[in-house]
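Please walk me through this structure in a viewer, telling me what to select at each stop and what can be found there.

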Amino acid sequence: MSQRKPIEEQIAILMQGVELGDEKLKEAMQAELKEKLIQSAKTGEPIRVYCGYDPTSPDLHLGHTVTMRKLKQFQDLGHQAIFVIGTFTALVGDPSDKDKARPRLSHDQVMENAKTYTDQAFKILDNEKTEVRYNHEWLSDLSMEQIIEMASLFTVQQFLVRDNFSKRFEKGDPIWLHEFFYGVLQGYDATMLKADVQLGGTEQLFNLLAGRKLQEAMGLRPQVALTTPVLVGTDGHMRMAKSTGNYIGIDETPEEMYGKVMSLPDSAMMNYFRLVTRFSPDEIAEIELGLGESKLHPRDVKMRLAREIVAIYQGDEAVEPAEAAFRRVFQEHEDPEEIPEYSISSAGTIVDVMVDSGLVSSRSEARRLIKQNGVRLDGDLLDDANMALDIKQPAILKVGKRRFLRLMPE
RNA sequence: GGGCGGUUACCCAAGUGGCCAAAGGGGGCUGACUGUAAAUCAGCUGGCGUUGCCUUCGGCGGUUCGAAUCCGUCACCGCCCA
């Protein structure tokens with residue numbers, strides 16, 4: 001058995017970045033974590049720490065990685081990381097971060113999405129050391145009797161106090177009965193996994209605490225709940241989520257990833273440095289100071305961030321080409337190296353080509369873009385939407401700043 | 001089961017007979033500028049054969065010269081009562 005780091009050092013690492021919204025709660029959780037670590041050191045039994053992810057879409061994005069990286073820290077310290085795929089809870093739909101009920105998914109959709117989750121997760125976690133569990137394994141076997149038993153531990157008021165429910169309640173928007181079960185079911189996960197620690201975003205606190213309650217009711221030691229701050233999406237304000245379309249997927253191409261990071265508002269940069277990079281707190285503090293005193297150029301800092309994020313998920317070797325592509329297209333306004341080709345079948349107008357190739361979704365949009373000086377052919381501005389496109393040699397059609405097509409004569 | 005209120009474009013939301021392809025906001029797109037796809041400013045954001053025409057305001061059917069707006073009906077949602 002490997003030698004573990006001293007307890008205090010472990011705590012320093014594990015509590016870093018943890019935000020529980022309430023200092024008292026944080027102190028309590030830290031104290032409980034310490035106890036568990038001491039216990040673990042004595043018995044040699046690793047701490048069991050888990051985080052659940054509902055497979056509501058096929059791809060994981062940077063928002064998911066905040067807790068995954070925390071999970072990895074536990075793993076690196078020799079503890080047992082459990083990656084739970086919410087194959088059952090995804091069917092219910094977590095109301096935590098929603099002002100509305102989530103659309104419910106079918107079991108098949110969920111299983112399909114779950115397939116890609118583990119592959120992507122192992123870009124961060126060590127797959128040899130990770131326990132992967134699917135929560136339908138135990139949740140779908142629950143009896144009505146057990147469900148009622150668990151439900152009797154919670155009051156409707158406790159749910160209604162939650163911000164998202166109270167807002168909807170006041171607005172007269174529907175709050176569905178099944179949404180109340182989400183927290184209860186997630187809490188049951190904790191009991192089945194015999195979890196010592198559960199991780200989640202700050203919006204998950206209620207659900208993590210539900211786990212504690214259920215564990216206690218079943219005579220288990222309650223888990224430590226550790227929550228991490230929310231990662232904002234590419235819009236710079238809203239929480240990163242697939243449904244709002246403001247996400248950076250961890251499986252995206254290096255160019256796409258680099259570009260999306262560069263499109264972040266400056267104000268969101270530090271949030272990213274803290275939550276999704278490998279920089280140390282000291283390095284991050286230095287960057288923040290440099291920006292504050294205008295010693296560092298925000299653009300250069302953001303490029304550093306983009307390089308780091310691409311490096312984590314796509315490897316160091318992907319960084320240079322991605323950055324070169326970005327500089328080329330957006331700083332030097334050159335055409336990218338790789339442009340999809342499209343062969344023009346017959347003589348049509350420029351609008352025909354834009355629509356047929358799928359560059360735009362309607363002829364009106366194509367005309368609009370031309371009118372707004374957004375369309376160029378081999379660098380020349382096009383101003384006549386009805387111009388027939390007659391090409392003898394390959395030519396590059398550019399729409400806006402980032403849509404390119406290499407037109408090939410037939 | 002009864003009463004009342006609601007359903008508008010990608011999302012939120014105004015509009016209660018013609019001036020409505022429909023205010024405003026969000027999001028998205030384009031341009032200028034630049035430090036990048038940041039910030040700021042400006043424009044665009046149903047479709048098409050684009051000085052005009054066509055299709056939209058939950059569905060269907062009416063009234064009217066004319067309906068997102070009025071009536072009937074069906075569906076769905078919320079609230080109150082049971």
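The tour below goes from a sheet to a neighbouring topic, a proline, and then to pairs of charged side chains. Keep in mind throughout that this is a predicted model.

Begin by selecting the open sheet, in which 5 strands follow the order β6-β12-β11-β8-β9 with mixed pairing. Its edge strands are β6 (341–343) and β9 (380–381), each of which pairs on one side only. If you then select β8 (residues 375–377), you will see that β8 and β9 pair in the antiparallel sense over 2 bridges, and that arginine 376 stands opposite leucine 381 in β9.

Next, select proline 409, which lies in the segment after β12 (403–408) and is partly exposed, at 27% relative accessibility. Leaving aside residues up to four places away in sequence, proline 409 touches Ile391, Lys392, Gln393 and Pro394. One of these, lysine 392, also meets aspartate 390 in a salt bridge (3.3 Å, N to O), and both aspartate 390 and lysine 392 are exposed.

Arg48 and Glu131 are linked with Arg133 and Glu137 in a network of salt bridges.

Finally, select helix α3 (residues 62–76), where aspartate 76 and lysine 72 are separated by about one helical turn because they are 4 residues apart. Their salt bridge brings the closest N and O atoms to 2.9 Å; aspartate 76 is exposed, at 53%, whereas lysine 72 is partly exposed, at 24%.

Methods:
Residues are numbered from 1 along each chain as its sequence is written. Chains are lettered from A and ligands numbered from 1 in the order in which they are written. This is a predicted model: local features need pLDDT of at least 70, side-chain atom pairs count only at pLDDT 80 or more; totals for chains, interfaces and linings use all residues. Side-chain values use heavy atoms; hydrogens and water are left out. Two strands pair if DSSP finds at least two bridges between them. Buried means under 20% relative accessible area, exposed over 50%, partly exposed in between (1.4 Å probe, protein chains only). Contact means heavy atoms within 4.5 Å. A salt bridge is a side-chain nitrogen of Lys or Arg within 4 Å of a carboxyl oxygen of Asp or Glu.
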